[in-house]
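Here is a short briefing on one protein chain.

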Amino acid sequence: MCTRIICRMEKDLLCVNIGKKGLSESVVAEIRMLLEKKRLIKVRFLKSAGSDRKGLVEKLGDLTGGVVERSTGFVCVLRKKGVSSCIK
């Protein structure tokens, strides 16, 4: 798939918001469960989540067992490990 199609797909992805409490155990468990059911999910970091978004994105990938497919600003897309990449 080309990047343009992925951008269109992102509008339809299931979205999880991460706020001021950050990556709590309940949020990580919810994301793990969603990754098992869905192939891709979108995660939005609110401004109150902290200033180190790159660190949060890497930590999120490690904690959930997902792969960060794409990260732009306050939004990242996670995919389930073992599923082929959508972006070439």
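Of the 88 residues in the protein, 34% are buried (under 20% relative accessible area; exposed means over 50%, partly exposed in between; 1.4 Å probe, protein chains only). This is a predicted model: local features need pLDDT of at least 70, side-chain atom pairs count only at pLDDT 80 or more, and totals for chains, interfaces and linings use all residues. Residues are numbered from 1 along each chain as its sequence is written, and side-chain values use heavy atoms, with hydrogens and water left out.

**Overall build**
- The protein has 3 helices and 4 strands (DSSP runs, numbered from the N terminus: helices are H or I with at least four residues, strands E with at least two).
- Their order from the N terminus is α-β-α-β-α-β-β.
- Take the contacts between residues at least 6 apart in sequence: 66% join residues at least 24 apart (contact means heavy atoms within 4.5 Å).
- The accessible surface is about 5700 Å², with 51% belonging to carbon and sulfur atoms (Shrake-Rupley method, 1.4 Å probe; for residues, only the protein chains shown count as cover).

**Sheet**
- The 4 strands form an open sheet, ordered β1-β2-β4-β3, with mixed pairing (two strands pair if DSSP finds at least two bridges between them).
- β1 (14-18) and β3 (66-72) are the edge strands; each has a single partner strand, so one side of each lacks a neighbour in the sheet.
- From one strand to the next, the twist averages 25° (axes are lines fitted to C-alpha atoms, for helices over the stretch in contact; angles run from 0 to 180 degrees between N-to-C directions).
- β3 pairs with β4 (residues 75-80) in the antiparallel sense over 6 bridges.
- Gly66 stands opposite Lys80 in β4.
- Helix α3 (residues 53-64) packs on the sheet and touches β2 (40-45), β3 and β4. The direction of α3 makes about 145° with that of β2.

**Loop between α3 and β3**
- Gly65 sits in this loop and is partly exposed, at 31% relative accessible area.
- Gly65 and Leu78 are 13 residues apart in sequence, and their C-alpha atoms are 9.6 Å apart.

**Salt bridges**
- The count is 2 (a side-chain nitrogen of Lys or Arg within 4 Å of a carboxyl oxygen of Asp or Glu).
- Glu36 and Lys80 form a salt bridge at 3.9 Å, N to O. Glu36 lies in helix α2 (residues 25-37) and Lys80 in β4, so the pair ties together parts 44 residues apart in sequence.
- Glu36 is exposed at 57%, whereas Lys80 is partly exposed at 27%.
- Glu69 forms a salt bridge with Arg79, with the closest N and O atoms 2.5 Å apart. Glu69 is in β3 and Arg79 in β4, 10 residues apart.
- Glu69 is buried at 15% relative accessible area, and Arg79 is buried at 14%.
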